[in-house]
Amino acid sequence: MGCACADISPEIINRKNKNRLTEVDFAIKVQKLYLSLNFDFIPTMKKIVIAITGASGSIYAKRLMHQLHQFEGVEVGVVYSKNAPDVWRHELGEEIHSDFPVYDRGDYRAPFASGSAKYEHMVIIPCSMGTLGRIAHGISDDLTSRAADVILKERRQLICVIRDTPLNLIHIENMRKVTQAGGIILPAAPSFYSLPQTIEEVVDTVTHRVLDLIGLDPKTFRWG
Ligand SMILES: Cc1cc2nc3c(=O)[nH]c(=O)nc-3n(C[C@H](O)[C@H](O)[C@H](O)COP(=O)(O)O)c2cc1C
């Protein structure tokens with residue numbers, strides 16, 4: 001059976017394809033048009049990196065990502081360390097997962113491996129002592145430590161949710177170094193004055209402090 005398209009010559013099809021904008025061309029044209037409008041204020045997305053390491057406390061990462069989904073204007077990129085999936089499986093009885101885009105731990109071409117991508121916030125949750133040490137010593141041997149290095153050099157916000165207890169002097173020295181470089185050490189130390197009733201509510205006393213620091217209002221219990 002004949003097809004109507006058989007009447008169209010290859011030259012015409014090629015011309016049509018040439019005229020068709022690729023998605024990238026289209027994005028560039030829109031961006032140029034937007035910039036040419038010369039607005040004083042261009043609304044931007046809040047760009048956040050979530051790094052999940054092999055420290056205990058996978059539930060903190062799970063709850064934080066769940067809460068981030070409830071905010072508009074938030075762009076999140078996620079990276080897991082090598083041991084994070086094993087700890088997540090052990091502690092939560094399921095495979096590690098995220099509804100946000102996940103980048104491979106060896107992917108140095110991920111947007112947040114470069115300062116130019118302008119990710120303003122990075123939360124390492126939970127943050128292992130190994131990752132903390134690598135960041136403190138500038139060892140960018142995976143995407144998490146590279147992204148943290150970038151965030152610090154750009155003078156943006158790095159939040160390390162550590163959970164180890166007790167601490168040795170090496171941990172404390174590494175926390176000091178990261179703090180002096182501009183990072184924030186936020187121990188996963190839940191509070192109880194809101195009278196939490198479930199594990200999730202206990203965990204949220206920590207993740208809500210993270211959201212507060214990022215500048216997102218978690219509508220949480222507030223004292224006074
Ligand atoms: C169930 C489990 C819990 C762990 N908890 C911690 C922890 O709380 N802190 C820590 O530094 N390492 C912890 N580890 C060990 C780390 O996973 C390991 O040191 C790993 O190499 C850290 O590397 P990463 O930061 O690249 O994930 C734990 C390992 C397992 C299996």
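Colleague: Which residues come nearest to the ligand?

Modeller: In this predicted model, G54, A55, S81, S128 and T131 come nearest, out of 17 residues around the ligand. α4 gives the most, with four residues.

Colleague: Which residues of α5 are buried?

Modeller: T131, L132, R134, I135 and A136 are buried in α5. Their cover includes β4 (121-127), α6 (143-153), β5 (157-162) and α7 (169-180). After α5 comes G138, with a positive phi near 65 degrees.

Colleague: Why is T205 called partly exposed?

Modeller: T205 has 18 other C-beta atoms within 10 Å. A residue is buried at 20 or more and exposed at 12 or fewer. The count of 18 falls in between, so T205 is partly exposed.

Colleague: Where is T205 found, and what does T205 touch?

Modeller: T205 is found in helix α8. Leaving out residues up to four places away in sequence, T205 touches P190, S191, S194 and P196. T205 and F221 are 16 residues apart in sequence, and their C-alpha atoms are 8.7 Å apart in space.

Colleague: How do α3 and α8 pack?

Modeller: Helix α3 (residues 58-68) and helix α8 (residues 199-214) pack at an angle of about 65 degrees, and their axes are 9 Å apart. The crossing of α3 past α8 is right-handed. On the α3 side the contact is made by I59, Y60, R63, L64 and Q67. On the α8 side E200, V203, D204, V206, T207, V210 and L211 take part. By class, this contact of α3 with α8 has seven nonpolar, two polar and three charged residues.

Colleague: How do you know that V123 touches V210?

Modeller: Two residues are in contact if their C-beta atoms lie within 7 Å. V210 is listed among the residues that V123 touches, so that pair meets the cut-off.

Colleague: How many residues are in the largest nonpolar core, and which have the most contacts inside it?

Modeller: The largest nonpolar core has 47 residues. I50, M122, V123, I125, A147 and V161 have the most contacts inside it. In soluble globular proteins, nonpolar side chains tend to be buried together.

Terms used:
Residues numbered from 1 in each chain as written. Predicted model: local features only at pLDDT ≥ 70, side-chain atom pairs only at ≥ 80, totals over all residues. Axes fitted to C-alpha atoms, helices over the stretch in contact; angles between N-to-C directions. Helix = DSSP H or I, 4+ residues; strand = E, 2+ residues; numbered from the N terminus. Left-handed = near helix turned anticlockwise from the far one by under 90°. Nonpolar A, V, L, I, M, F, W, Y, C, P; charged D, E, K, R; others polar. Core = buried A, V, L, I, M, F, W, Y, C linked by C-beta atoms within 7 Å. Near = placed C-beta within 6 Å.
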